[in-house]
Amino acid sequence: MAKFDTSGDGCIDMNEFKQLYTSEKSKRDIGVTFSKAVKAREGVNTLGGTSQASVEGTTHTVREAETVAFSQWINSNLKDDTDCQPLLPVNSENNELFEKTKNGIILCKLINKSAPATIDERTINKTNLSVYRRHENLTLAINSAQSIGCSTVNIGPDDLDLGKPHLVLGLLWQIIRIGLLSDINLAHHPGLIHLLEEGETLEDLQKLTPEQILLRWVNYHLKRAGTNTRIKNFSEDIKDSEAYTYLLHQIAPRENGVDLSPLGISDRHQRAEAMLREANKIGCRSFVGPSDVVEGNAKLNLAFVANLFNNYPALEGVDENVELNIHEETREEKSKRL
């Protein structure tokens with residue numbers, strides 16, 4: 001009380017009482033105390049609502065890690081495309097990604113990378129890119145993305161032309177994800193039969209989602225590596241880099257010299273960096289940085305593992321006497337499963 005008696009007369013006047021009341025209220029106000037307790041997340045940009053449909057006050061979070069990962073993936077996968085070369089490389093350290101995707105060319109090309117021949121490239125406007133011609137490209141990209149299984153609700157050409165980060169990243173992730181996961185099936189990898197568990201049939205395996213197959217694939221190799229480590233997700237269970245270190249050592253060709261040395265590092269961040277250097281020996285340091293591993297970014301870690309599988313499945317062959325009655329999925333069936 002004494003500190004609010006600014007006049008020193010031993011009494012509290014109305015102004016002094018208001019100060020006392022405000023001070024005590026702030027200590028007990030859940031809104032104030034909660035906002036102080038919540039720390040700002042590193043690597044996340046918070047944006048005000050930018051959609052016409054947004055309610056005032058809506059915010060969107062954009063992970064810087066995803067901006068970096070998708071930019072690098074575009075650079076590596078479209079670098080040989082002559083139509084994209086004027087737009088590449090996309091600087092992954094700033095917001096250049098949202099500027100470079102505004103004319104629709106990169107989006108259309110990436111869709112064809114993920115699902116070949118989806119777009120007749122003669123229909124893509126590549127010169128004299130006025131607002132109208134950009135919108136034609138963006139409309140083509142949105143409709144084509146939808147046709148391969150992407151959800152494009154509330155995404156219009158205006159949104160992409162304005163470079164709205166949360167919508168651009170959301171669409172890019174769906175396109176990239178489809179490309180990464182579309183061939184993770186028995187038709188393309190008969191060796192997946194070795195992931196069958198006791199009592200299961202091929203039909204059971206074909207019902208699994210690509211994420212479930214990848215989890216089994218990782219655990220299959222962990223078992224073969226002789227470790228008791230197993231994972232059930234691509235978030236919490238991979239944070240210590242142990243499963244990744246064993247997996248890389250197991251699937252990498254011996255001549256690449258991938259080893260288990262990261263296991264000798266106690267600091268998680270340093271271990272993750274060492275593990276990624278091993279991944280780089282086989283050209284698979286994509287999508288994740290050390291922080292994405294340590295923080296358990298499920299989206300980017302799924303992409304990292306899918307890329308490993310697509311490049312080095314390291315599955316045993318199938319006995320030619322074993323008859324596999326594998327149903328080749330249609331695009332519609334594949335989009336539902338993905």
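Colleague: How many aromatic pairs does a search of the whole structure find?
Modeller: The search finds four aromatic pairs. A pair means rings of Phe, Tyr or Trp (its six-membered ring) with centres within 6.5 Å; planes under 30 degrees apart are stacked, over 60 edge-to-face, and the rest tilted.

Colleague: Where do Phe70 and Trp173 lie in the chain?
Modeller: Phe70 is in helix H3 (residues 64–78) and Trp173 in helix H8 (residues 165–181), so this pair links distant parts of the chain, 103 residues apart. Helices here are DSSP runs (H or I) of at least four residues, strands (E) of at least two, numbered from the N terminus.

Colleague: Before going on, what sort of model is this?
Modeller: This is a predicted model: local features need pLDDT of at least 70, side-chain atom pairs count only at pLDDT 80 or more, and totals for chains, interfaces and linings use all residues. Residues are numbered from 1 along each chain as its sequence is written, and side-chain values use heavy atoms, with hydrogens and water left out.

Colleague: Which way do Trp217 and Phe309 pair?
Modeller: Trp217 and Phe309 are edge-to-face, 5.2 Å centre to centre with 85 degrees between the planes. Trp217 lies in helix H10 (residues 210–224) and Phe309 in helix H14 (residues 298–311), so the pair ties together parts 92 residues apart in sequence. Trp217 is buried at 0% relative accessibility, and Phe309 is buried with a relative accessible area of 0%.

Colleague: At what angle do H10 and H11 pack?
Modeller: H10 and helix H11 (residues 242–251) pack at about 75 degrees, with their axes 9 Å apart. Axes are lines fitted to C-alpha atoms, for helices over the stretch in contact, and angles run from 0 to 180 degrees between N-to-C directions. H10 is therefore roughly perpendicular to H11; that label covers 65 to 115 degrees, while under 35 is roughly parallel, over 145 roughly antiparallel and the rest oblique.

Colleague: Which residues meet there?
Modeller: From H10, Trp217, Val218, His221, Leu222 and Arg224 meet Ala243, Tyr246, Leu247, Gln250 and Ile251 of H11. Contact means heavy atoms within 4.5 Å.

Colleague: How much of H11 is buried?
Modeller: Seven of the ten residues in H11 are buried, among them Tyr244, Thr245 and Leu248. The buried residues of H11 pack against H10, H12, H13 and H14.

Colleague: New topic: where is Ser286 found?
Modeller: Ser286 is in the loop between helix H12 (268–280) and helix H13 (290–294). Ser286 is buried, with a relative accessible area of 17%. Leaving aside neighbours within four places in sequence, Ser286 is in contact with Trp73, Phe304 and Asn307.

Colleague: Last one: how many helices and strands does the chain have?
Modeller: The chain has 15 helices and two strands. Buried residues make up 43% of its 338 residues.

Terms used: Buried means under 20% relative accessible area, exposed over 50%, partly exposed in between (1.4 Å probe, protein chains only).
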